[in-house]
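Subject: Structure for your reading

Dear colleague,

Please find below the structure that I am handing over to you. My notes on it follow, and I would ask you to read them with the model open.

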Amino acid sequence: MSAFNETQPIFVQIRERIAAMILTEAAREGEALPSVRAIAADLSVNPLTVTRAYDALVEIGAVESRRGMGMFVALGGRRRLMDHERQKFLAEEWPRLRTRIAALGLDAETLLKEPQT
């Protein structure tokens, strides 16, 4: 995993990396996720930071903790995560993007056209 940026808390960045694994199906439903200790060691962060990232995913039902076994992608977790991420995008990111698009005078046709290289 790569270095962190300073624009958001580390636990949020770790959460996003784990979420990406689930959304891209690099980690499938029912499969074990990397352990808290493994991620903490790999990223040189406090295990509590990793636990906080996992807790955020447990809270929305994307990940489940199995006592003594670790963290697993929950059955139906990918769908719940996708629904959550879509709602979050529409509520937090889309209004800002829509404002920027309007300010630049862009239309749907221009936005959907393949970029020229």
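Helix α2 (residues 36-43) and helix α3 cross at roughly 120°, and their axes come within 8 Å. Here an axis is a line fitted to C-alpha atoms, for helices over the stretch in contact, and the angle, from 0 to 180 degrees, is taken between N-to-C directions. Helices (H or I, at least four residues) and strands (E, at least two) are DSSP runs, numbered from the N terminus. The angle makes α2 oblique to α3, because angles under 35 degrees count as roughly parallel, over 145 as roughly antiparallel, 65 to 115 as roughly perpendicular and the rest as oblique. The crossing of α2 and α3 is right-handed, a term used if the near helix is turned clockwise from the far one by less than a right angle (left-handed if anticlockwise).

This is a predicted model, in which local features need pLDDT of at least 70 and side-chain atom pairs count only at pLDDT 80 or more, while totals for chains, interfaces and linings use all residues. Residues are numbered from 1 along each chain as its sequence is written, and side-chain values use heavy atoms, with hydrogens and water left out.

Which residues bring α2 and α3 together? On the α2 side they are Val-36, Ile-39 and Ala-40, which meet Pro-47, Val-50, Thr-51 and Tyr-54 of α3; contact means heavy atoms within 4.5 Å. By class, the contact of α2 with α3 has 6 nonpolar residues, 1 polar and no charged. Ala, Val, Leu, Ile, Met, Phe, Trp, Tyr, Cys and Pro count as nonpolar, Asp, Glu, Lys and Arg as charged, and the others, Gly among them, as polar.

Helix α3 (residues 47-59) also packs against helix α1 (residues 10-23), at an angle of about 55° and with the axes 8 Å apart. That makes α1 oblique to α3. The crossing of α1 and α3 is right-handed. From α1, the contact draws on Ile-10, Phe-11, Ile-14, Arg-15, Ile-18 and Ala-19; from α3, on Thr-49, Val-50, Arg-52, Ala-53, Tyr-54, Ala-56 and Leu-57. These residues of α1 and α3 divide into 10 nonpolar, 1 polar and 2 charged.

Is Tyr-54 buried or exposed? Tyr-54, in helix α3, has 0% relative accessibility and counts as buried (buried means under 20% relative accessible area, exposed over 50%, partly exposed in between, with a 1.4 Å probe and protein chains only). Leaving aside residues up to four places away in sequence, Tyr-54 touches Ile-18, Leu-33, Pro-34, Val-36, Ile-39, Val-63 and Met-71. Arg-15, in helix α1, is buried as well, with a relative accessible area of 8%. With the sequence limit of four places again applied, the residues that Arg-15 touches include Ala-53, Leu-81, His-84 and Glu-85.

Two loop residues other than glycine have a positive phi. Glu-25, in the loop between α1 and α2, has phi near 65° and is partly exposed at 35% relative accessibility. Ser-44, in the loop between α2 and α3, has phi near 55° and is exposed at 67%.

Finally, the structure holds 1 aromatic pair. The ring centres of Phe-89 and Trp-94 are 6.3 Å apart and the planes lie at 35°, so the pair is tilted. Rings of Phe, Tyr and Trp (its six-membered ring) pair if their centres lie within 6.5 Å; planes under 30 degrees apart count as stacked, over 60 as edge-to-face and the rest as tilted. Phe-89 is partly exposed at 31%, and Trp-94 is partly exposed at 31%.

Yours sincerely
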